[in-house]
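Grab a pencil and work through these exercises with the structure open beside you. Try each task before you read its solution.

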Amino acid sequence: MTQHSNQQAQRKAAMAVLAHAEAGEIAARLRNLSLPDHQDLRAPENGLVMLRGRVGGDGAPFNLGEATVSRAAVRLASGEVGFGYTLGRNSEKARLIALCDALVQSRDFGGAVERDVIAPLREQLMIRRKQAAEAAAATKVDFYTMVRGEG
Amino acid sequence: MYVAVKGGERAIENAHRLLAHKRRGDQSVAEIGLDQISEQLGLAVDRVMSEGSLYDRELAALAIKQARGDLIEAIFLVRAFRATLPRFGASEPVDTGAMRVQRRVSATFKDIPGGQTLGPTFDYTHRLLDPSLAEGFVPEAPAMAEASIAPTPRVTDILGRDGLIESSPEAEDGASVGDLTREPLNFPADRDLRLQNLARGDEGFLLAMGYSTQRGYGRNHPFVGEIRFGEVEVDFVAEDVGFAVPLGAIELTECQMVNQFKGSATEAPCFTRGYGLAFGQSERKTMSMALVDRALRARELGEEALAPAQDEEFVMSHSDNVQATGFVEHLKLPHYVDFQSELGLLRKLRQEFSKAFADANTPEAMKEAAE
């Protein structure tokens, strides 16, 4: 894997966790880091994304309906540019994701943000998903066939 | 002639003030919070998101509160809100096969890979009112069981492997995805536009249309191949970022209806399909949508299209409850000038009638008629 695509995969994986976290949780985790100087490259903005499905689940795409999305971009003093996109209208969350995305790309902070922010949030997310899966699993149907007569 | 009517401003202002008062109701009763609506009236929120065509639980809850629980009014509010925001683009199509399934049932196969999971459902409840819910009800914690990590493929994909069911239509190269929020509707409409229209269509209308096909008006012999409900991830290719960015997850319900065969001299017979997809847990909606989607394919499948549910212009032109309520409800707004001209016309017609009647009943006319 090239370094570029490796970093891209890392950024995506971080975003996939952050998008599921509350803004307050991300902010609380970030307070454990001594953050570098940074500024808004683009002020947070709310808008819409048209969500698409596929005919039959696997066929040609169609427009299902829109969702609200908030986005932001942040630049670190050292030059790294991070982007934040998330469902909903929480612009602070979009900004925090953008900041994390910039930190993930930074040589000095990449390790720390993964260890102190992303990893614990990922663990929480996995616990929530596991609980939901286990609650659903308890409603799984066990079919059995009644034996008729005496055989 | 256009006549401006003035007056009524104070009445309107006071009517809105009275509405706000009525909306709040008895102020000795606690005010309802958006979180309460979202958490405890979740299926109403799902419906407003689906038909409002905007996935945002908090906005849908606000709309329900503002509309005093009138869901069509709430849907109207959500539709109006979406017009105030810019569109960043379109998501990658969601993969319902990778859904984190909370509920998944098939009426066609008992043993589906990944199993049948009932999830939170009204099915098999006795539909008896439960007085214990009236106040202070604390539910038991849900039962837990070890979750399998086996994949849960769509049932239609399994049938498809044996060629027993038609495959989903592939996208044509370079074809754009139709969007009825951007272009006016033209007929005949392609399946992408039809599904978009049905996805935001009124649940009651689609239910009645789907029901009509079962009762023989465009019968198509449906089975529920699968209904699944759960979370799917949404990715969006953001140009500034340069790759598909994960936006988070949405809850969706998908219904795969499996219908009676088609075949031809060159093609072996196989099951046909209808498809339903909607925001949140919306089973009645997606089942109805799938029935109507299949009915609207009559022409494509070489069936006689005689029933209302098979008439795409009829279905698509009447499915939208915001348009429908706009046109029906506008009748109560002042039509004084229109009505004055109708009244003038009617008076003239009545005068002409009286004159003709009198002329026909003069003594001479009676005598002529008698001869």
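**Exercise 1: a sheet in chain B**

Work out which strands of chain B make up the open sheet of 4 strands, and in what order.

*Solution.* Before you start, keep in mind that this is a predicted model.

Step 1. Go across the open sheet strand by strand: the order is β3-β4-β5-β6 of chain B, and the pairing is antiparallel.

Step 2. Now look at the edges. β3 and β6 of chain B each have a single partner strand, so each of them has one side without a neighbour in the sheet.

Step 3. Zoom in on one pair. β4(B) and β5(B) are joined by 15 bridges in the antiparallel sense. For an example, find B:Asp235, whose bridge partner in β5(B) is B:Pro246.

**Exercise 2: where the chains touch**

Find out how many residues each chain brings to the contact between A and B.

*Solution.* Step 1. Count by chain: 67 residues come from chain B and 51 residues from chain A.

Step 1. Ask which elements of chain B are involved. Those supplying at least two residues each include α6 (155-161), α7 (191-199) and β4 (223-238). The largest share, 9 residues, comes from β5(B).

Step 2. Sort the chain B side by class, and you get 34 nonpolar, 17 polar and 16 charged residues.

Step 3. Strand β1 of chain A (residues 38-54) runs parallel to β2(B), and 3 bridges join them. Here A:Val49 has B:Gly89 as its bridge partner in β2(B).

**Exercise 3: two helices of chain A**

Decide how α1(A) and α3(A) are oriented: roughly parallel or roughly antiparallel?

*Solution.* Step 1. Start with the axes. Those of α1 (residues 3-18) and α3 (residues 91-105) of chain A come within 10 Å and cross at roughly 150 degrees.

Step 1. Angles over 145 degrees count as roughly antiparallel, so that is how α1(A) lies relative to α3(A).

Step 2. Pick out the residues that touch. Among them are A:Gln7, A:Arg11 and A:Leu18 of α1(A), along with A:Ile97 and A:Val104 of α3(A). By class, the contact has 6 nonpolar, 3 polar and 2 charged residues.

**Exercise 4: confidence**

What does chain B average in pLDDT?

*Solution.* Step 1. The average for chain B is 93, and 98% of the residues score at least 70.

Step 1. For the model, read off ipTM 0.94 and pTM 0.93.

Note on methods. Residues numbered from 1 in each chain as written. Chains lettered and ligands numbered in written order. Predicted model: local features only at pLDDT ≥ 70, side-chain atom pairs only at ≥ 80, totals over all residues. Contact = placed C-beta atoms within 7 Å. Nonpolar A, V, L, I, M, F, W, Y, C, P; charged D, E, K, R; others polar. Pairing = 2+ DSSP bridges. pLDDT = per-residue confidence, 0-100. Axes fitted to C-alpha atoms, helices over the stretch in contact; angles between N-to-C directions. Parallel < 35°, antiparallel > 145°, perpendicular 65-115°, else oblique.
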